[in-house]
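Hello,

Here is the structure I promised to pass on. Please look it over first, then read my notes below.

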Amino acid sequence: MSLYQATASAPVNIACIKYWGKRDTKLILPTNSSLSVTLDQDYLKSTTTSRADPSFEKDQLWLNGSEDEIKPGSRLETCIKEMKRLRKQEVEDKDPSAPKLSTMHVRIASYNNFPTAAGLASSASGFAALVSSLAALYALPVSPSTLSLIARQGSGSACRSLFGGFVAWEMGTKADGSDSLAVEVAPQSHWPSLHAIICVVNDAKKGTSSTSGMQRTVETSPLLQHRIKHVVPQRMADISKAILQRDFDSFARITMQDSNQFHAVALDTDPPIFYMNDVSKAIVALVTEYNRIAIEKTGKRKAAYTYDAGPNAVIYVEQENAKEIVDMILQYFPDAAANFKDVFGLYANDAKKGAVIPGFNEAVAHKWEQGVKSIIHTKIGDGPRTLGESESLLGANGMPK
Ligand code: DP6
């Protein structure tokens with residue numbers, strides 16, 4: 001008897017133009033288009049194994065080893081159902097000899113190689129890996145954009161993790177969502193020197209989830225309406241052009257403006273939502289001061305911060321400037337050195353010690369103990385990968401390993 005099984009991994013993506021607001025909460029259709037950078041899976045990824053078998057009595061899923069119930073009507077159930085529908089439509093209906101995998105239950109095991117506690121969004125890579133592993137299991141002859149239609153229904157931002165490089169989620173206009181999908185703006189190879197420095201900020205309290213926060217913003221923020229109509233469309237065009245021209249200065253300016261506006265619409269929500277904390281704001285001040293000097297010298301910015309629905313900072317930078325950024329973060333947050341894996345060898349055998357560039361006004365922020373928990377240095381990455389048997393997360397007995 002054959003084993004019907006496949007394993008795939010998918011990356012995390014960090015938006016430069018933020019998705020914030022749904023016009024349809026069931027289908028997950030956004031109120032504006034968005035654009036992201038895919039990060040390297042060597043550092044951050046979700047891996048998922050899916051198996052179909054006639055003996056399975058129900059669909060089951062394990063996340064990081066513990067079973068997650070697949071509730072009726074849930075996003076998870078929708079994604080699995082949609083993938084089975086595609087299997088039937090694209091494979092079984094066309095080739096009567098193809099095994100009827102769409103009629104069998106599946107077991108799915110998923111694993112994130114980064115701690116959920118780090119506060120890094122895992123839903124995007126998670127749903128992208130789920131959809132990618134099922135697409136491999138079902139041998140679907142469909143494009144990543146088609147798969148993004150399904151990942152989108154798991155978590156909006158997940159649709160952008162179906163591609164590497166720079167990815168746009170086009171909001172679409174149709175009521176059924178069939179044109180609300182991800183497309184590649186430029187591949188990873190277009191700008192391989194683009195790096196990301198993630199500052200994991202200490203945060204005790206649990207914030208408002210993206211899903212409920214954005215719905216409240218849609219219902220109460222007049223500023224969101226302005227953003228949707230008059231700001232995002234132009235920014236999408238401008239940042240795409242900046243990316244195609246590898247114009248870091250414009251890319252950085254637009255990325256920071258859009259992060260700021262996303263946090264402004266959160267604040268404009270009634271009652272207000274705060275995602276950035278004082279450490280986040282200190283990092284904004286540091287990047288701003290760093291850019292002030294760069295602009296004075298060359299007329300161009302050298303770093304771009306962006307923040308999602310939490311206090312962590314992601315700083316985009318060209319590889320040649322990565323050390324200056326890490327130096328600067330360590331100068332103000334020395335405790336982060338203990339949790340910084342120097343994978344690019346910035347410090348070789350030197351001590352991981354802070355520093356600022358000449359002319360830097362050190363008074364723009366004060367030093368913090370334990371403000372930044374860890375620093376992750378990574379770079380732009382590729383899209384989902386199909387992995388071999390040896391990477392399977394399910395054992396011979398059909399249970400997670
Ligand atoms: C701030 O994709 O997590 O990260 O669609 O409700 O699952 P749901 O929301 P989610 O929202 C992400 C919001 C964001 C911005 C972005 O990634 O574009």
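What is the area buried between domain 1 and domain 2, and what percentage of it do carbon and sulfur atoms give? The area is about 2,900 Å², and carbon and sulfur atoms give 71% of it. Buried area here is the accessible area (1.4 Å probe) that two parts lose on being put together, summed over both.

Some ground rules. This is a predicted model, where local features need pLDDT of at least 70 and side-chain atom pairs count only at pLDDT 80 or more, while totals for chains, interfaces and linings use all residues. Residues are numbered from 1 along each chain as its sequence is written, and side-chain values use heavy atoms, with hydrogens and water left out.

The domains

The protein chain splits into domain 1 (4-187) and domain 2 (194-379). These bounds come from an automatic or database domain assignment. The domain centres, taken over C-alpha atoms, are 27 Å apart. In domain 1, 30 residues are in contact (heavy atoms within 4.5 Å) with 43 residues of domain 2.

The ligand

Both domains supply the shell around the ligand, with at least three residues from each. There are 17 residues around the ligand, and Y19, K22, S155, G156 and S157 come nearest. A residue counts as near if one of its heavy atoms lies within 4 Å of the molecule. By type, the shell has seven nonpolar, five polar and five charged residues. Nonpolar means Ala, Val, Leu, Ile, Met, Phe, Trp, Tyr, Cys and Pro; charged means Asp, Glu, Lys and Arg; the others, Gly among them, are polar. Helix 4 (residues 210-220) gives the most to this shell, with three residues. Helices are DSSP runs (H or I, at least four residues), numbered from the N terminus.

Now the polar contacts (pairs of N or O atoms within 3.5 Å). A side-chain N or O atom of Y19 is 2.6 Å from an oxygen atom of the ligand. For R160, a polar side-chain atom lies 2.8 Å from a ligand oxygen. The side chain of T211 also has an N or O atom 2.8 Å from an oxygen atom of the ligand. Taken alone, the ligand exposes 460 Å² (Shrake-Rupley method, 1.4 Å probe), and the protein buries 93% of that.

Two backbone details

The peptide bond from D270 to P271 is cis, with omega near -5°. P271 sits in the loop between helix 6 (248-267) and helix 7 (278-298). A139 is not a glycine, yet has a positive phi of about 50°. Its place is the loop between helix 2 (123-137) and helix 3 (144-151).

Best wishes

Conventions. Polar contact = N/O pair within 3.5 Å; in protein donor to acceptor, adjacent residues only side chain to side chain. Helix = DSSP H or I, 4+ residues; strand = E, 2+ residues; numbered from the N terminus.
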